[in-house]
Amino acid sequence: MKNFFSKSGINNYIYILPFALFFTIFLVYPIINNVYTSFFEWDGFSPEKNWIGLANYITMFKNSIFITSIKNNFIFLVLTVFFQGLIGFVLALFLNRKIFGRSVYRSIIFLPIIVAPVVIGYTFGNMLNFTYGTVNEFFRNIGMGFLAVDWIGNPRLSIFTIIFINIWEWTGFSVVLYLAGLQNIPKELYDAAKIDGAGFFHTVTKITFPMLTSTHFSLIILNSIGAIKIFDIVYVMTKGGPAHSSEVLATHIFLENFTLNHTGYSSAVSVVMLVIALIITLFQLRLYRRVKI
Amino acid sequence: MAKLRIDSSRLRNRSNIKFHIILIIVSFLFLIPLITMVSISLGGGGFANYIKVFSDARIIRYFINSIIITIPTLILVLFISSLAAFAFSKLKMPGKNIIFYLFLSGLMLPIASIIVQLFLMIVRLKLVNNYLAVILPLTALILPFALLIIRNYMDDIPNDIVEASLIDGCKPFGVYRRIMLPLCLPAISAVTIFTFLFSWNEFLLALVFLRKRELYPITLLPRYFLTEHQFDIALVFTGFLGIVFPVIILYIFLQKYFIEGLTAGAIK
């Protein structure tokens, strides 16, 4: 009997049991419960739960704050993927040369990633304050007062300010990934290009950029999920305001559940967020599989 | 010929200076917020702010709270993920691949998407205002990433080592503890750094589950200042330096591991 078990390897499940417990209790169970709760009208504590079918989802798609949130996440995604990729790529090209102190430059550019987002949020909140912030003070002092705008308080601007801060925080990540990718491009390709008389611009667009496809792909996936996840900086800087203009899915869920006690509704929003995150994760898993085989 | 070489090297030097100027400006842009933090923290009282903040018993308490959250999370993540990685990499299990990819599906799960349900669960378990309310979900969220990193590393260790030890009468657990763990040190250290950073900087779980002021981790420090003191911005930013400073010191000495730990999941 014992032999049979160990031959098929069933006994070995004991090694993944603790993992399975954490995974099931704290990730799978909440996900399933999210779907279930989303069909109810419920405040989260009273014993009374009203089954209302898909009504929460219908409310959600009619709710202009939800629409703003998902739109902001989408703008976030597009701008982050594009600019973080582009800036990261250019800086990586700079740092890929044999120049003195390049590891110091790399470390400085990577530094913001290790700083708590909460701290980053408050610091930029201070720097970008309309009246006393150093940024506006700087613009006023150099006689460009028209650039001293209300970065956080202007509802048309606030989400873009937050996107900029997020790009600032994570560019070092793209730089490091691109630098690693650049190491894998065979030198012969550049030599061949040089012989063919290709200039710098041509070499970059025709050789370097296409040779980094798997790095581009990784970054697109990771930055996409980062854009869907965003919470800390938004919460700390604007709490989704002014007038819900910088709301994202995460702050929308937070506000609806913990301030307004709309537990059923916020579960429905959570389900939407989960579906988006899982779709992106599926792309990521395919990537790992392809690279591994 | 020799002349030509000198010319080209001088040309390279000159263009390097141009690159240095650009890179110094870029570095400055990445450092400005940190410089701003330091300069605000010194406003008003100067270094006296530092003494005031870091001798405040409450704030010292917040540091200890952050450590109380970070250390158990670290131990749980390392033990559970390396054990599972060992089984997935070296042992026979029915349905191994399917289970592995199922576990990895948690890789990118946003905390916000399950926070409502976690809250309901934690309330039912009567764990509000208990550190476990942060430690347990945090561990679960980090585990898939840790599993991926350690398993990838273990896959590169030849199976022969494991098989030979098993034939020699070593139990699988013995192989894990005495052979695999020491060999996986680089992956373990990457996971350690990632987990440390994630737990130390964690905000949302603490915000939701730790409602008593004396339980706050250091990331909730601004809330203490906003409610308790008059809003003294210099003191708040001195506190921020307290969050960031330990991390930067570690970063300076363990830079390579930080960068590897944070990008490991993306590069493989």
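**View 1. His244(A) is partly exposed because 19 C-beta neighbours lie inside 10 Å.** A residue is buried with 20 or more other C-beta atoms within 10 Å of its own, exposed with 12 or fewer, and partly exposed in between; C-beta atoms are placed from the backbone. His244(A) sits in the loop between α12 and α13 of chain A. Its phi is near 65°, a positive value in a residue other than glycine. Pro242(A) lies in this loop between α12 (232-237) and α13 of chain A. The peptide bond from Gly241(A) to Pro242(A) is cis, with omega near -10°. Helices are DSSP runs (H or I, at least four residues), numbered from the N terminus.

This is a predicted model, in which local features need pLDDT of at least 70, side-chain atom pairs count only at pLDDT 80 or more, and totals for chains, interfaces and linings use all residues. Residues are numbered from 1 along each chain as its sequence is written, while chains are lettered from A and ligands numbered from 1 in the order in which they are written.

**View 2. Asn129(B) has a positive phi of about 65° although it is not a glycine.** Find Asn129(B) in the loop between α5 and α6 (132-155) of chain B. Is Asn129(B) buried or partly exposed? Asn129(B) is partly exposed, because 13 C-beta neighbours lie inside 10 Å.

**View 3. Chain A meets chain B through 72 residues of chain A and 68 residues of chain B.** Two residues are in contact if their C-beta atoms, placed from the backbone, lie within 7 Å. Helices of chain A that each supply at least two residues include α2 (13-37), α8 (158-183) and α14 (263-292). The side of chain A that touches chain B has 51 nonpolar, 18 polar and 3 charged residues. Nonpolar means Ala, Val, Leu, Ile, Met, Phe, Trp, Tyr, Cys and Pro; charged means Asp, Glu, Lys and Arg; the others, Gly among them, are polar. The predictor gives the complex an ipTM of 0.88 and a pTM of 0.89.

**View 4. Chain B is assigned domain 1 (1-41) and domain 2 (47-267).** Such bounds come from an automatic or database domain assignment. The C-alpha centres of the two domains of chain B lie 36 Å apart. In chain B, 4 residues of domain 1 are in contact with 7 residues of domain 2.

**View 5. Over residues 1-9 of chain B, pLDDT stays under 50.** pLDDT is the predictor's confidence in each residue, from 0 to 100. For residues 1-9 of chain B, the model has 0 contacts beyond four places in sequence. Where pLDDT is low, the predicted coordinates should not be read in detail.
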